[in-house]
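Points are grouped by topic.

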Amino acid sequence: MKPKYILALDQGTTSSRAVLFNSRCEIVAMSQRPFNQQFPQPGWVEHNPLEIWSTQSFVMENVVNKAGIEWNEIEALGITNQRETTIVWDRATSEPVYNAIVWQDRRTADYCDTLRERGLTERIREKTGLILDAYFSATKIRWILDNVPDARARAERGELCFGTVDSWLTWRLTGGRLHITDPSNASRTMLFNIHTLAWDDELLELFDIPRAMLPKVVASSAVYGATDCPQVPQPIPIAGLAGDQQAALFGQQCIAPFSAKTTYGTGCFIMLNTGEKPRISSNNLLATVAWQIGGKTTYALEGSVFVGGSVIQWLRDGLKLFSSSADSEPLAASVEDTGGVYLVPALTGLGAPYWDPYARGTIVGITRGTTSAHIARAALEAIAFQVDDVVHAMAADTGHTSAEMRVDGGAVANNLLMQFQADLTGVRIIRPSVLESTALGAAMFAGLAVGFWHSTDEICTLLKPERTFTPKADPAEMDRRRNLWHEAVRRSLRWAEQE
Ligand code: ADP
């Protein structure tokens, strides 16, 4: 019998990727293609939805060619995607009525301020688990309906569809047969009630969004239908949908309550599985649906740190301390400690748990003896301090401290950073051998739905950690350092308000 495969489509903010997995969860082939980022005005970020689709379908065909397999050897495909990014298209022609408004886009920030002034923050948080912010889809949909001629009337007549990128890709892959999304994506729209697991009438009314344009919410793992588009010569079951961070949580096998993962990329994304009941945060974290599978819904708490690995890029490109990010490790390791230097990388404000858009980068404790090595070390430690702050906020929300954390993303190659994270947070840091957790998660959702794999336990036995970092430092010393870090953070807060 010929081997079979699962295809994961990983549609990210800067590129579309396709990854082919075999039954041992090994990557057989991978293809990636970047696409244009459009910045029509300060604070606006758009993608062309047709380019999202053309790059995604290109890599999908390319990965099959690269692997030298036949389409009929693919048992199912799963989709994972950049979240919150908003697309509205014509139901009859499949043509977008406007560009995709990307999650980073701030054009609706003022409108969010007016909602805040109307005292709606808590009501929205209670229902959606989200902080009232322009990131999420609701205010972006409203902007399209208010600014594209005729859009609102057409939406009310049921002629337009809204979708996050998962919906858009499914629509295109099935020639407009399926208009669906899963709860992990729906819970980032600010229109979805995470308690009732349904679109919420009160929120639809508040944001003035016609229900007729919303996708049907389906499980994260189930056979929804089959491909029906010229790019795929024969029907392949579409069987998994999830937002990228949730897919990464699943791909990291954080399936039991209180298991956690952190992605160390440009930013850091910390997610904690909180089990079968939503827990609304009292510490500025987001509550969100992790996934829905086998009739069971799993929830998560999430915290995002804006500047993670990108502080290392700044040392490289802005300060020219070294020529490649990997060189940060030997440079930092050339000194025993930071010599009392603390660097708060609030280059674009601070995310969870501070949420201060006016915070700015700060370096404190500089003396005549400070060298580039101390600064590099302080920058790496700052990544860990920020993650540690979120982990503590999660512990405060749940009353539970996890003993381990799984990690992925580009910066986990840095052993010094990983060891410091283990020392500081006092948890085992587990670095898996398959670092493509997001794509793996999408493949797992699809593979479980079609019986390619039979259980998450079966998958867990296939995946071995590459390395585990265990805490070695004196906890009292780490507490002392953490206090100094908090003092440094305090000095960075609201800085831009002074300008
Ligand atoms: P993204 O998916 O957000 O684009 P990646 O997961 O590819 O990011 O991670 C890239 C980030 O990781 C960059 O910001 C880079 O500076 C950082 N990085 C990569 N390698 C290292 C390293 N060895 N040490 C520290 N940071 C690193």
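Helices here are DSSP runs of H or I with at least four residues, and strands are runs of E with at least two, both numbered from the N terminus. The model is predicted. It contains four cavities of 30 Å³ or more.

**Largest cavity**
- The volume of the largest cavity is about 120 Å³.
- Two or more lining residues come from each of β16 (268-275), α12 and β21 (404-408).
- With three residues, α12 gives the most to this lining.
- The residues that line the largest cavity are Ala-260, Ile-270, Leu-272, Val-391, Met-394, Ala-395, His-400, Thr-401, Ser-402, Glu-404, Met-405 and Val-427.
- Sorted by class, the lining of the largest cavity has eight nonpolar, three polar and one charged residues.

**Second largest cavity**
- The second largest cavity holds about 60 Å³ of space.
- Its lining consists of Gly-251, Gln-253, Arg-406, Pro-432, Ser-433, Val-434, Leu-440, Leu-463, Lys-464 and Pro-465.
- Five nonpolar, three polar and two charged residues make up the lining of the second largest cavity.

**Nonpolar surface patch**
- Trp-314, Leu-319, Leu-347, Ile-363 and Ile-366 make a nonpolar surface patch of about 400 Å².
- Within this group, Ile-366 sits in the loop between β20 (362-364) and α12 (372-398).
- Ile-366 counts as exposed because its relative accessibility is 52%, and the cut-off for exposed is over 50%.

Terms used. Residues are numbered from 1 along each chain as its sequence is written. This is a predicted model: local features need pLDDT of at least 70, side-chain atom pairs count only at pLDDT 80 or more; totals for chains, interfaces and linings use all residues. Side-chain values use heavy atoms; hydrogens and water are left out. Patches are made of residues with over 30% relative accessible area and no salt bridge: like charges are joined within 9 Å, nonpolar side chains (Val, Leu, Ile, Met, Phe, Trp, Tyr) within 5 Å. Accessible areas come from the Shrake-Rupley method with a 1.4 Å probe; for residues, only the protein chains shown count as cover. A salt bridge is a side-chain nitrogen of Lys or Arg within 4 Å of a carboxyl oxygen of Asp or Glu. Buried means under 20% relative accessible area, exposed over 50%, partly exposed in between (1.4 Å probe, protein chains only). On a 1 Å grid over the protein atoms alone, a cavity is a set of points where a 1.4 Å probe fits but cannot get out, and a pocket is an open set with protein on both sides within 12 Å along at least five of seven lines; lining residues have an atom within 4 Å of a point. Grid points are joined across faces, edges and corners, and a volume is the space filled by probe spheres set on the points. Ala, Val, Leu, Ile, Met, Phe, Trp, Tyr, Cys and Pro count as nonpolar, Asp, Glu, Lys and Arg as charged, and the others, Gly among them, as polar.
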